[in-house]
Amino acid sequence: MRPPREEFREFCPLAPEDIAALAAPVYILDANVLLHLYPYSETARSKFLELLRLVRNQLFIPYQVALEFHRNRAAVIAEQMAIADKAVEALDAEIKSLGAAMDSVLTHKYHPYIDRSEVLSGLKDALVRSREGIAHRSQRYHADFGADPVLTSVHEVVEGHIGEPFSRDELTEIYREADERYARQVPPGYKDIKKPAPDRYGDLVLWKEALRYGAAHNCPAIIVTDDSKEDWIWRAHGRTISIRPEMRREYYDATNQPVWLYTPERFIQEASKSLGHGVQQEILNEISEQTEDARLRSHLHEAAAEIAAQSGAAAVDPDAAKTTDEPGPAPPTPRERVSWW
């Protein structure tokens, strides 16, 4: 038998030689990392893109990632537009209700210490300025939907670093293998089993591309993603341990090299450190909060889909519904901030 550290390496902390190898890895970006460039502030987006350009020669973008980015970018842009439009509508409603709000506070039309018109004017001016600022930036965003400078920047960064797609026959074989793996809950991707085909296979296709690239180039890899599902992350008693051990072993067996995961926040921290670049704490906070917000929304969508699926099952099988007295799934709670070894 091999020495224990080698036999069970996927369950052990990184060895010193693995840590040294990961100091100069290939960075494999997930689609969500690129899509999050849209909701970032201009400052955070510029910094993230700057770092991507500086480590450009260490990037590998699986074809599956590039495909998902291009498929989903329009929906992400539309979501940001809708948020801005709702903010403008809310401010318009607040401006209209100012007079009624003032009447509820001031029960007398005249008061020796309060100039009603001055107070109303000051409040209204502040709200109007906020409303006009949001509307102006929203109009710019609407204009960007056509020009899309984010798309242009992403193309500049990833050009020449996108992997070749699998052939139709190769994809058919991967889909067949995915069904077997998902049935045994072998990561990654089995948490997407309820998605329609071929979307449910996206994570495994990405992973197969990473294995192919790592084996061909004999390189350690760091996957940059905000995916926090259990088919990517190993947790124990609510604490994050590492990337799933099965994935560590599979990558090592294919490449003889280590693989690890970074959140976008950890990536920008470590890449800045290795390049000798400073990064403002405000930017790190924003990227971390955006990641957590995206995760929470993903958990809510998953919970809603599960509840809908269970409701549908109950509707189809009324006898089962009558005999079921278990409570429904608890609402998801915000996940802990990921802190990798």
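1. Basis of the model. The model is a predicted one, in which local features need pLDDT of at least 70 and side-chain atom pairs count only at pLDDT 80 or more, while totals for chains, interfaces and linings use all residues. Residues are numbered from 1 along each chain as its sequence is written, and side-chain values use heavy atoms, with hydrogens and water left out.

2. Overall make-up. The protein chain has 14 helices and six strands, where helices (H or I, at least four residues) and strands (E, at least two) are DSSP runs numbered from the N terminus. Of its 341 residues, 42% count as buried; buried means under 20% relative accessible area, exposed over 50% and partly exposed in between, with a 1.4 Å probe and protein chains only. Among contacts (heavy atoms within 4.5 Å) between residues at least 6 apart in sequence, 78% join residues at least 24 apart. The accessible surface comes to about 19,000 Å², of which 54% belongs to carbon and sulfur atoms; these areas come from the Shrake-Rupley method with a 1.4 Å probe, and for residues only the protein chains shown count as cover.

3. The four-stranded sheet. An open sheet has the strand order β2-β1-β3-β6, with parallel pairing, and two strands are said to pair if DSSP finds at least two bridges between them. Because β2 (59-60) and β6 stand at the edges with a single partner strand each, one side of each is left without a neighbour in the sheet. Four bridges join β1 (residues 26-29) to β3, and V26 has A221 in β3 as its bridge partner. Strand β3 (residues 221-224) is also joined to β6 by four bridges, with V224 opposite Y262.

4. The hairpin. Strands β4 and β5 pair in the antiparallel sense over four bridges, and A236 stands opposite R239 in β5. Two residues lie between the strands of this hairpin, and H237 in the turn has a positive phi of about 50 degrees.

5. Helix α11 and its cover. The buried residues of α11 are P245, M247, R248, R249, Y251, Y252 and T255. Their cover includes α1 (4-7), α10 (202-217), β3, β4 (233-236), β5 (239-243) and β6. After the helix comes N256, in the loop between α11 and β6; its phi is near 60 degrees, a positive value in a residue other than glycine. N256 counts as exposed because its relative accessibility is 51%.

6. The cavity. A search of the whole structure finds one cavity of 30 Å³ or more, and the largest cavity has a volume of about 70 Å³. On a 1 Å grid over the protein atoms alone, a cavity is a set of points where a 1.4 Å probe fits but cannot get out, a pocket is an open set with protein on both sides within 12 Å along at least five of seven lines, and lining residues have an atom within 4 Å of a point. Among the lining residues of this cavity are R9, E10, D18, R248 and V259, and helix α11 (residues 245-255) gives the largest share, three residues.

7. The second largest pocket. About 310 Å³ of space lies in this pocket. Of the 16 residues that line it, the closest to its centre are I19, L22, Y262, R266 and E270. Helix α12 gives the most to the lining, with five residues, and β6 and α12 (264-275) each supply at least two.

8. The loop between α9 and α10. P188 is found in the loop between α9 (168-183) and α10, and the peptide bond from P187 to P188 is cis, with omega near -5 degrees.

Key
Points joined across faces, edges and corners; volume = space filled by probe spheres on them.
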